[in-house]
Amino acid sequence: MHLYLFTYFRFNAFHAESKKPLHRECGFIRLQPGTNRVAFIIAQNSGLVEIEEGELTGQQLTLHSTALARTSFAKQPYVQQISRHIQLKPDGKLEQTISMALEGQPLTQHLHITYRRTD
Ligand code: HEM
């Protein structure tokens with residue numbers, strides 16, 4: 001029997017002033033036992049679903065999309081590729097940088113987020 005480790009996560013982004021919900025995603029993080037390989041299985045509110053895979057090196061995780069799919073009526077421009085770099089800083093803050101390629105636009109940084117732990 002194989003034991004697969006996984007955890008559930010969700011990211012919710014809000015507009016800084018109006019507090020209107022912007023981007024939402026949730027999914028599972030799976031670790032391949034005995035390795036440093038990590039997979040994110042993500043559903044986004046925009047109608048996009050994705051699988052990203054990468055490797056954990058020390059406090060850093062770099063992931064690249066290996067599969068993307070969307071609803072037939074998702075808004076354009078369509079995302080072609082997504083990469084994430086996640087890093088736990090010595091002060092306990094978690095940083096995430098997301099880059100994406102769109103139709104006709106190569107991989108470009110989309111956002112950089114710093115998460116602070118709350119009690
Ligand atoms: C992997 C996750 C994400 C994907 C695939 C994604 C995708 C997109 C796409 C396709 C656009 C339209 C780009 C264009 O019109 O040229 C966009 C715009 C935008 N995204 Fe994201 N996004 C992601 C995460 C986020 C997050 C977490 C936030 C919030 C912190 C965010 C904030 C925005 C904003 C503010 C815009 C501009 C909206 C506008 O111009 O009306 N995105 N995103």
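Buried means under 20% relative accessible area, exposed means over 50%, and partly exposed is in between. Keep those cut-offs in mind, because Phe-28 comes to 38% relative accessibility and so counts as partly exposed. One caution before I go on. This is a predicted model.

Let me start with the overall picture. The protein has zero helices and eight strands. Along the sequence the pattern reads β-β-β-β-β-β-β-β. The C-alpha atoms fill a box of roughly 40 × 35 × 25 Å, taken along the principal axes. There are 119 residues, and buried ones make up 26% of them. Now contacts. Of those with a separation of 6 or more, 19% come from residues 24 or more positions apart.

Next, the annotation. An unreviewed UniProt entry places the feature "domain: THAP4-like heme-binding" at residues 6-117. In the model, that span is 0% helix and 71% strand. Its end C-alpha atoms lie 21 Å apart.

On to the ligand. Which residue is the protein donor of the iron atom? His-110 is the only one, through NE2, at 2.1 Å. His-110 sits in strand 8.

Strand 8 covers residues 105-115, and strand 7 covers residues 94-102. The two pair in the antiparallel sense, over eight bridges. Glu-95 stands opposite Thr-114 of strand 8. The hairpin has two residues between the strands, and Gly-104 takes a positive phi there, near 80 degrees.

Strand 3 and strand 4 run antiparallel, joined by seven bridges. Val-38 faces Gly-54 in strand 4 across that pairing. This hairpin has three residues between the strands, and Gly-47 has a positive phi near 105 degrees.

Strand 4 then pairs with strand 5, again in the antiparallel sense, over 10 bridges. Val-49 has Ala-69 in strand 5 as its bridge partner. Two residues separate strand 4 and strand 5 in their hairpin, and Gly-58 in the turn has a positive phi of about 60 degrees.

Stay with Gly-58 for a moment. Gly-58 lies in the loop between strand 4 (48-57) and strand 5. Is this glycine, Gly-58, buried or exposed? Exposed, because its relative accessibility is 62% and the cut-off is over 50%. Gly-58 and Leu-88 are 30 residues apart in sequence, yet 9.1 Å apart in space, C-alpha to C-alpha.

Which residues make up the largest nonpolar core? There are eight: Phe-9, Ile-29, Val-38, Phe-40, Ile-42, Leu-61, Leu-63 and Ile-86. Two elements give two or more residues to this core, namely strand 3 (37-44) and strand 5 (60-70). Strand 3 gives the most, with three residues. Apart from this core lies another, of six residues, including Ile-82, Ile-98, Met-100 and Leu-102.

Look at one core member, Leu-61. Not counting residues up to four places away in sequence, Leu-61 touches Val-38, Phe-40, Glu-55, Leu-56, Arg-84, His-85 and Ile-86. Val-38, Phe-40 and Ile-86 are themselves members of the largest core.

Last topic, the rings. The count comes to five aromatic pairs. One of them is Tyr-8 with Phe-28, edge-to-face, at 5.9 Å centre to centre and 65 degrees between the planes. That pair links distant parts of the chain. Tyr-8 is in strand 1 (residues 5-14), Phe-28 is in strand 2 (residues 21-31), and they are 20 residues apart. Tyr-8 is partly exposed, at 49% relative accessible area. Phe-28 is partly exposed too, at 38%.

Phe-9 and Phe-11 form another aromatic pair, a tilted one. Their centres are 5.0 Å apart, with 55 degrees between the planes. Phe-9 counts as buried because its relative accessibility is 9%, and the cut-off is under 20%. Ring pairs join Phe-9, Phe-11, Phe-40 and Tyr-115 into a cluster. Phe-9 and Phe-40 also belong to the largest nonpolar core.

Terms used: Residues numbered from 1 in each chain as written. Predicted model: local features only at pLDDT ≥ 70, side-chain atom pairs only at ≥ 80, totals over all residues. Heavy atoms only, no water. Pairing = 2+ DSSP bridges. Helix = DSSP H or I, 4+ residues; strand = E, 2+ residues; numbered from the N terminus. Core = buried A, V, L, I, M, F, W, Y, C linked by side-chain atoms within 4.5 Å. Buried < 20%, exposed > 50% of the residue type's maximum accessible area, 1.4 Å probe, protein only. Contact = heavy atoms within 4.5 Å. UniProt positions renumbered as here; feature names shortened; annotations may be inferred. Donors = N, O, S within 2.8 Å, 3.2 Å for Na, K, Ca; no water. Phe/Tyr/Trp six-rings, centres within 6.5 Å; stacked < 30°, edge-to-face > 60°.
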